[in-house]
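Q: Let us read this model feature by feature, with the general idea before each case. Please place the structure before us.

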Amino acid sequence: MPSLNSFMPRRRRFLVVLPMLALLVWALLPTTRFNSPTTLLRAITGSSGTSSDSILRYVDPLIGTVNGGHVFPGATLPYGMAKAVADSNNNAEIAAGFVSDDSEIQGFSHLHDSGTGGSPSLGNFPLFVHPGCPQDDFSQCKFTSFERAVARVNDSATAQPGYFAIGLNNSVYAEMTASEHVTLYRFSFSDKEEVWSDRAMVPTYPLILLDLIDLGNSRSGGDVEVNPQTGRITGNSTFKPSFGTGLYTAHFCADFRGAEIRKTGVFLHTNVTEGLNAMGKEASNYYIPPGSAGAWIHFDRPAKQQLMARVGLSFMSVDQACSNAEIEIPDFRFLDVVKSSQNAWKEKLSVIKPDTSGLSQESLTTFWSGLYRALISPQDYTGENQLWTSDEPYYDSFYCIWDSFRAQHPLLTIIDPAVQTKMVRSLIDTYKHEGKLPDCRMSFSKGFTQGGSNADVVLADAFVKNLTDGIDWNLGYEAVVSDAEVEPSDWSTSGRGDLESWHKVGYVPYDDTDRNGTGPMSRGISRTVEYAYDDFAIALMARGLGRKADETKYLQRSGNWRNLFNAEQEDLYRDEAGVVQKTQFTGFLQPRFRNGTWRYQNTRLCSPSYQQHVCYFDTQYETYEGSPWLYTFYVPQDMAALVEALGGRETFVDRLEYFHSSGINYMGNEPNFLPTFQFHYGGRPGRSSYWVHQYIPAQFNSSINGIPGNDDCAMGAFTAFAFMGFYPVAGQDVYLLTAPMFREVSIQTPSGRPATLRNVGGFDAPRYNNIYIQSAKLNGKPHNQSWITHDFFVNGGTLEFVLGPTESDWGTKEEDLPPSLSTGMFD
């Protein structure tokens, strides 16, 4: 969840009633074009919503479009490059374009990220549609993004996989869909000769403009040209990434159908010119200054009250953008494109088949929508790589791996292993051509590194789960070893920093002087524990590749978390009266100087209970987006050793319980997911089930603010795992078991035999009083371990549970606990 201090989580925003004028505009809108999601789905499929079609009825892309969720709710394919949506002008919340509030709509753009923090991302080349211009004079229409923005019709936004629509207060109704590299829009107009727009009645002669800007207003230069005969608008510009360094260039090719062309021209800011149909370096060796600039077309009245707009996209060239458009959507058949997109989504989502009896519509919407969001990004840019030539897949928008490695990538390994394999190949190919694996990547640019080199964990997770198709694992191993051993000159965007100290003293000192590279000299606690786990992941790969000496070295380094564990550190805080209080818990990770002496950081700093918003990328403190309380639990390689260090199983469980119940935990960040399930390591797997049900539906639900933080395409993965009854320990062949929220759920496997988790006794949804596993059987045999391996999701099988209202002794014995390094993980 990338964040700078200037982009802190946003305050909750409330919708307000639009002016009474909206009622008049609503009356003028082409109401026959308004489609509820179910109505649209039935129109396309001819179905009443049964079988796999029912999945899409429970997908609500608008979840997470307020309150910092930054979810992209528009039209796209799974992992698709083209992403069409209406862009709001709420600059604090438009990271993904659209916001479900009362902000105005400034355009409809075609490239977006989803769920990110940082600055607004992509949103290039927006279209904007005026139903007409005052006095039929094109120069009186508004062209800049600031001036042209128009209010939406309240509650008119409609979103389904592959489709988005919204009504505007200028009487335009906009619908959109997408193929892989192309967006398609259907703009509907009133059949009245005049409509209300921009505080005046205007004749219904639409004007469509295409602006070269992006959401972050980062454009430099560019070209634009409109053909006055065909109406084709083409061009490109160069932009900055939203959370990283570098530049990227994007190209477009827009065509229109539905009305005769009256006039064409270009505009620069508020200067609008007719007859001049090209602008930029290629047309006149002219550098187009920043801000709104582009081309426009003034149309005759549409014969059927509709205009179609098709926008081909490419990161290679205008010619490729036009080719993409002509190949993927040759005939502007809107419903055909929607149907194709929705079929693609059904194919991806239908690998999971739950028995939904007893579940509410809200629960089903929470589950399917979360699963849907997990497949929006990373984006498949194969064939569009502007940086190097390669036969390997290229995926972009790993934004950021610090968020996604914990849940999203392990989920894809189960439900879409072919695509996860391609993503791993793409990461390795990025190392081959750029010298390092990314920790964050967007728009062909290096994103800022938030902690460790966590692509190491993504590769290790794929390796231990035997993803092999086309993966060069020797090169992959070379890549992760480079992270561990070779410090780059700028480790703020790739690799690791402070490696000399990491190798010599075994931690990142508070006062370290790094002469080998540059990066933020902070976050020493969080980087230390992440480096330790990254090295553990490398050790797993070394073991599998027969590199015994490396295995030994990296296993030893994986224990470096101990070097920042101050066993005497107390948990101090001020109560509401300002009096310093102390809990019974001692022993926390703390900053340390090079000479071995300790420095103090408040154990609750960077949590909801104390100064939560001071630990973003530009922090001066030693933890990133979390407190020492949180990071003390991050020892997934050896939880048994951590449990012992914290005073044994009972004390560990009490501490973890306090973490969840006292307001220290913040589920809006991905590092906080795993502690929900770490009661397993203390022999109390039932408490993991308990806390899953505390967070779902309280913080993860079907409302528009139904996720607690930036989605990062990971919040949905957490939800999906929780409903299905297991959670991954990323980088290991371990899944922690909890009571499934479905009576039964089956997952398609490569073997063809489904992996089925079934509650055979005690299941009582929707009450969920019986949330504790009493006993379990795996393929008919008693299964007392509180965890399973990936073999279950490869070869299939049946895992059966009996549930009850209280905790049992299932999964509580020492031999039933998940594996740890110090208790024979490798035996």
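This is a predicted model: local features need pLDDT of at least 70, side-chain atom pairs count only at pLDDT 80 or more; totals for chains, interfaces and linings use all residues.

Q: How is the contact between Glu800 and Arg758 to be read?
A: Side chains of opposite charge can pair when their charged atoms come close. The two residues form a salt bridge (a side-chain nitrogen of Lys or Arg within 4 Å of a carboxyl oxygen of Asp or Glu), with the closest N and O atoms 3.5 Å apart. Glu800 belongs to strand β34 (residues 797–804) and Arg758 to strand β30 (residues 755–761), so the bridge ties together parts 42 residues apart in sequence. Shared partners also link Arg232, Asp255, Arg310 and Glu326 into one network of salt bridges. By this rule, the count comes to 32 salt bridges.

Q: Which residue of β19 is the bridge partner of Asp255?
A: Strands (E, at least two residues) and helices (H or I, at least four) are DSSP runs numbered from the N terminus, and two strands pair if DSSP finds at least two bridges between them. The partner of Asp255 in β19 is Arg310, and seven bridges join strand β14 (residues 248–257) to β19 in an antiparallel arrangement. β7 also pairs with β19 in the antiparallel sense, over seven bridges; there, Val182 has Gly312 as its partner.

Q: Why is β19 described as largely enclosed?
A: Nine of the nine residues of β19 (residues 306–314) are buried, so the rest of the structure largely encloses the strand.

Q: How far apart are the closest N and O atoms of Arg186 and Glu175?
A: They lie 2.8 Å apart, in a salt bridge. Because Arg186 is in β7 (residues 182–188) and Glu175 in β6 (residues 173–178), the pair ties together parts 11 residues apart in sequence. Arg186 counts as buried at 13% relative accessibility, and Glu175 does so at 0%.

Q: Where do Arg373 and Asp711 lie?
A: Their side chains meet in a salt bridge (2.8 Å, N to O). Arg373 is in helix α8 (residues 361–373) and Asp711 in the loop between α20 and α21 (715–724), so parts 338 residues apart in sequence are tied together. Both residues are buried.

Q: What is the order of the open sheet of three strands?
A: The order is β27-β28-β33, with antiparallel pairing. β27 (726–728) and β33 (787–788) each have a single partner strand, so one side of each is left without a neighbour in the sheet. Three bridges join β27 to β28 (residues 735–737), and Tyr727 stands opposite Leu736 in β28.

Note on methods: Residues are numbered from 1 along each chain as its sequence is written. Side-chain values use heavy atoms; hydrogens and water are left out. Buried means under 20% relative accessible area, exposed over 50%, partly exposed in between (1.4 Å probe, protein chains only).
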